[in-house]
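Have the model open and follow along.

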Amino acid sequence: MCSSDPSKIAHVVPDRSKPSTRDTPADLLSQLVIANHILFERGVLDAFGHISVRHPQEPDRYFLACNKAPGLITVQDIIEFDLDSNPLDADGRPVYLERFIHGEIYKARPEVVSVVHSHSPTVVPFTIIKDTPFRAVCHMAGFIGSKPPVFEIRDAVGDGSDLLIRTPSLGEALAREMGQQDLVLMRGHGATVVGHTLKQAVFRAVYTEVNARTQAVASTLGEIICLSAREADAAKLSTEGQAERAWGLWERSAAIMHNSLINA
Ligand code: MN
């Protein structure tokens, strides 16, 4: 069950000794829903991939939707997790297999407030080629830096995995590979990006895909010039202050798509 029917939610009887979704600012959960819709509408998430946000009052908890396509998520689909990625109020709703990406990064990075895991379509090719590493090539993507890490799952579990982060130890290995970076690529799979705010994580996830498109197109034209490390740092500072402006536009645009989807 992954219902948006409010009558189903009425059966949830949370343990009131613990914080639940009802103890948190409603607008944060609404923003998490909007973030799902934006990332779908921007082509970063499709039927798969997910975004979470850390609990604002309980840093050892986070919020993530149940196992459902991001474009269809409503606030009733949001589940609270502990940092071992155990659901606290799932009430029978299925959870994402790769939720350990979120929990293990929140453990390793106390300053991180939001995590996006995507199969961002133009980023994936950069995870599998050997000769053209992914680099920040445009000023909107300075956060990518001069050398984003690439997680090779064979280094963690050898050959034969399905490439999914399906255990806490794989999540921990991914978080270790990411280190203090804002982005980690995942070979043959996708990418994970973090932010100090929900909106910053959305901004970075969108511009990771934009940067990949830019680099891919430019690479067909000739030799490319990447941002230097100093340029990337300076661009990151100046552009990310504009995240709110982007959010305002993307929110409106995503709302139109969401309404057309649910009313179809
Ligand atoms: Mn995945």
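## Strand 2 and its partners

Strand 2 and strand 3 (residues 78-82) run antiparallel, joined by five bridges; strands count as paired if DSSP finds at least two bridges between them. Across that pairing, Arg61 has Asp82 of strand 3 as its bridge partner. Strands here are DSSP runs of E with at least two residues, helices are runs of H or I with at least four, and both are numbered from the N terminus. This is a predicted model, where local features need pLDDT of at least 70 and side-chain atom pairs count only at pLDDT 80 or more, while totals for chains, interfaces and linings use all residues. Residue numbers start from 1 along each chain as its sequence is written.

Strand 1 (residues 50-54) is also antiparallel to strand 2, with three bridges between them.

## The nonpolar core

The largest nonpolar core holds 67 residues, and Leu32, Leu39, Ala201 and Val202 have the most contacts inside it. Such a core is a set of buried Ala, Val, Leu, Ile, Met, Phe, Trp, Tyr and Cys residues joined through C-beta atoms within 7 Å. Leaving out residues up to four places away in sequence, Leu32 touches Ile51, Val53, Phe63, Ile78 and Leu198; contact means C-beta atoms, placed from the backbone, within 7 Å.

Helix 2 (residues 26-41) and helix 9 (residues 243-262) have axes that come within 9 Å and cross at roughly 85°. Axes are lines fitted to C-alpha atoms over the stretch in contact, with angles from 0 to 180 degrees between N-to-C directions. The two helices are therefore roughly perpendicular (65 to 115 degrees; under 35 is roughly parallel, over 145 roughly antiparallel, the rest oblique). Ile34, His37, Ile38 and Glu41 of helix 2 make the contact, among others.

Helix 7 (residues 198-221) and helix 9 also come within 9 Å by their axes, crossing at roughly 80°. From helix 7, Lys199, Gln200, Val202 and Phe203 meet Ala243, Glu244, Ala246 and Trp247 of helix 9.

Conventions:
Two residues are in contact if their C-beta atoms, placed from the backbone, lie within 7 Å. A residue is buried if 20 or more other C-beta atoms lie within 10 Å of its own, exposed if 12 or fewer, and partly exposed in between; C-beta atoms are placed from the backbone.
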